[in-house]
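Welcome! Please take a moment to look over the sequence and the model, and then read on for a short tour.

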Amino acid sequence: MNHKLRELGADFLLLMVAVAWGSTFFVVQAAVNETPVYTFLFWRFFLAGLLMALISFKHLHLINKEVLKAGMLLGLFMFLGYAFQTFALTYTYSSTVGFITGLSVIVVPFASYLIFKHKASVFSSLGAIVAAIGLYFLTLNSEIGLSLGELYAFICAMMFALHIVFTGHLSRKHNVYLLVTIQFLTVGICSLMGGLFLEGSIVPPQMDLLFINAIAITVIFATIFAFWVQTAMQRFTTAAKTAIIFTMEPVSAGIFGYYFANELLSFSQMCGAVMILCGMVIAELGSYFIEQYRRRKSRL
C-alpha cells in the first residue's frame, strides 16, 4: 500500500509538471515571437542551471565522472528535442509538429523495453494508444505528409521519448540535484552555440517586460520545478505512465489559453482532451489492479 501511495503521489506531481508546462505555453509563444528561439532557450536554461547550482550547493561535492556523463546525456536529449522541434516548425504546421511530438507517448514503452528491458503493462500500452488518438483529435487540422518538417518532428519525438526513458533509469542511480543542474547547463551551452551559429547572437532584441516575465516564469515553474520533479518522481513510477501523463501538457495549454488568452476550443479538441484523460485513467487504474492482483497472488 505504501508503494502504491508513493506511486500515486509521484504521478500526481508529474501531472502538475504537465500543467506547469501547459500554463506557460502562451507566455513562451508570445516571448518567442519577439526573441529568437535559441536565445530564449539559452537564457531560460542557463539561468535555471545557475539557480539550480545554488540550490544544489551542498551536493556539489558529490560530482563525479559518472553523474557528469549522465546529466550531459539527458541535457543532450533535451536540447535535441527542442532543436528539432524548432526546425520542424519552420517547415510544417505547428499542429502537425505538436501531434508528432506527442507520439512519443507511443514510443516510450517500446524504447524502455528495447533499451532497459522494462516491459510496460497492457493497461499502460492501451492508455498510451488512447492518449495518442486523443492527441490527434486535439490537433485535428494536422496535415501529415512526408516532408522535412515531419521528419524533424519525428526525430524530436524520439529525443523527448529517450529523455523520459533515460531519466527514469538514471534518476535511480545518481543524485537528483546534480543530474538536473548538469542537464540544465548542458542545454544552456548547446543553446549558446545554436544562438551564436544560427542566430548570430544571444542578446535579446528587446529586453522588455514580456521577455523578463517569460524568462522568470519559465525558469522557476517550467524548468526548475518541472524538471526537478520529473527527475525525482520518475524513480517511483514507470516511463510509460510518465509519457501518458505528459500528454496533459497540450490539454492544459488549451485550457489556460481558453481562460487567459481568449483562445477557442473546438468540439474535436474537447473530445481529444477527454480521450487523453481516459488514457491516463486507464493506465492509473490498470496499475492499481495489477498491484492488487500481485498482492493477492503473494498471499496464496
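Here is a briefing on the chain as a whole, one of its helices and a patch on its surface.

This is a predicted model. The protein chain holds 13 helices and zero strands, so its pattern along the sequence, by the DSSP runs used here, reads α-α-α-α-α-α-α-α-α-α-α-α-α.

**The chain as a whole**
- The protein chain has 300 residues, and 50% of them count as buried.
- Its accessible surface comes to about 14900 Å², and carbon and sulfur atoms account for 72% of that area.
- If you take the contacts between residues at least 6 apart in sequence, 92% of them join residues at least 24 apart.

**Helix H7**
- Helix H7 covers residues 122-138, which makes 17 residues.
- From its first C-alpha to its last, H7 reaches 24 Å, close to the 24 Å expected at 1.5 Å a residue.
- Several residues of H7 are buried, including Ser124, Gly127, Ala128 and Val130.
- Further along H7, Ala131, Ala132, Gly134, Leu135 and Leu138 are buried too.

**A nonpolar surface patch**
- Phe57, Leu60, Ile63, Leu68 and Met72 make a nonpolar surface patch of about 470 Å².
- To place one of these residues, look at the loop between helix H3 (37-55) and helix H4 (65-89), where Ile63 is found.
- Why can Ile63 belong to a patch? Ile63 has a relative accessible area of 38%, and patches are made of residues with over 30%, so Ile63 passes that cut-off while being partly exposed.

How values were computed
Residues numbered from 1 in each chain as written. Predicted model: local features only at pLDDT ≥ 70, side-chain atom pairs only at ≥ 80, totals over all residues. Heavy atoms only, no water. Patch = residues over 30% accessible without salt bridge, like charges linked within 9 Å, V, L, I, M, F, W, Y side chains within 5 Å. Areas by Shrake-Rupley, 256 points an atom, 1.4 Å probe, with all protein chains shown as cover. Salt bridge = Lys/Arg side-chain N within 4 Å of Asp/Glu carboxyl O. Helix = DSSP H or I, 4+ residues; strand = E, 2+ residues; numbered from the N terminus. Buried < 20%, exposed > 50% of the residue type's maximum accessible area, 1.4 Å probe, protein only. Expected span 1.5 Å × (residues − 1). Contact = heavy atoms within 4.5 Å.
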